[in-house]
Structure formats: structure tokens, C-alpha cells
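Colleague: Walk me through this model, feature by feature. Give me the general idea, then the case here.

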Amino acid sequence: MFDSKRAHYSRNIIDGETLTTRAAFLNGPDGKEPGVAIFSDTILRYVLREDHAIALCNAIVDSLDEHRTGA
């Protein structure tokens, strides 16, 4: 399990509060693909394909479950 440094606590809280998402399209060689844009404040950080966004969501849920199950 990852253990964040105490000195980074405030920054981590502030960063987490600024994250937002929007539906997006990725314009690829075969046309538009559905996806998700992830922003920090108004700065675009990532544009994920739908399957990558779902995989990230599942990984986040699994990570939170580690705290409940002790795995």
C-alpha cells in the first residue's frame, strides 16, 4: 500500500478537491471515440478512452476496498 508523506497532506487534499471530469471524444484515425477528460482546476490533465476510464474507476474502487478488507 502506498504511504503518502505527511508534508504533502495539504497539497494532496487541495489537488483532490480540484479534480473534475467531463465527457469527451478522442479524435483518432478511425473517427471519434467516446472518452473522459480529466481536469485539475481548468487544466486538462488526461483524455482517456472509455475502456481506460472504466479500468481506472475499477482500480480506484479496488484500492479503496483494500482499506476495508485489509488486503
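Colleague: How many aromatic pairs are there?

Modeller: Rings of Phe, Tyr and Trp (its six-membered ring) pair if their centres lie within 6.5 Å; planes under 30 degrees apart count as stacked, over 60 as edge-to-face and the rest as tilted. By that rule, the count here is 0 aromatic pairs. Bear in mind that this is a predicted model: local features need pLDDT of at least 70, side-chain atom pairs count only at pLDDT 80 or more, and totals for chains, interfaces and linings use all residues. Residues are numbered from 1 along each chain as its sequence is written, and side-chain values use heavy atoms, with hydrogens and water left out.

Colleague: What is the mean pLDDT of the protein?

Modeller: pLDDT is the predictor's confidence in each residue, from 0 to 100. The mean for the protein is 95, and 99% of its residues reach 70 or more. Helices (H or I, at least four residues) and strands (E, at least two) are DSSP runs, numbered from the N terminus.

Colleague: Which residue lies over the face of F25?

Modeller: A charge sits over a ring if NZ of Lys or CZ of Arg is within 6 Å of the ring centre and within 35 degrees of the ring normal. K32 lies over the face of F25, at 5.1 Å from the ring centre. The bridge partner of F25 in β2 is P34. L26 stands opposite E33, also in β2.

Colleague: In what order do the strands form the sheet?

Modeller: Strands of a sheet pair through backbone hydrogen bonds, either parallel or antiparallel. Two strands count as paired if DSSP finds at least two bridges between them. Here 3 strands form an open sheet, ordered β1-β2-β3, with antiparallel pairing. β1 and β3 are at the edges with a single partner strand each, so one side of each has no neighbour in the sheet. Neighbouring strands are turned by 30° against each other on average, direction ignored. Strands β1 (residues 19-28) and β2 (residues 31-40) pair over 10 bridges. A hairpin of 2 residues joins β1 to β2.

Colleague: Where do the helices α1 and α2 lie?

Modeller: Contact means heavy atoms within 4.5 Å. Axes are lines fitted to C-alpha atoms, for helices over the stretch in contact; angles run from 0 to 180 degrees between N-to-C directions. Helix α1 (residues 9-18) packs on the sheet, touching β1 and β2, and its direction makes about 55° with that of β1. Helix α2 lies across β2 and β3, at about 105° to β3.

Colleague: Is S40 buried or exposed?

Modeller: Buried means under 20% relative accessible area, exposed over 50%, partly exposed in between (1.4 Å probe, protein chains only). S40, in strand β2, has 13%, so S40 is buried. Leaving out residues up to four places away in sequence, S40 touches T18, L19 and R45. C57, in helix α2, is partly exposed at 47%. Strand β1 is hardly covered: 1 of its 10 residues is buried.

Colleague: What is phi of D41?

Modeller: Most residues other than glycine have a negative phi. Phi of D41 is near 55°, a positive value in a residue other than glycine. D41 is in the loop between β2 and β3. D41 is exposed, at 54% relative accessible area.
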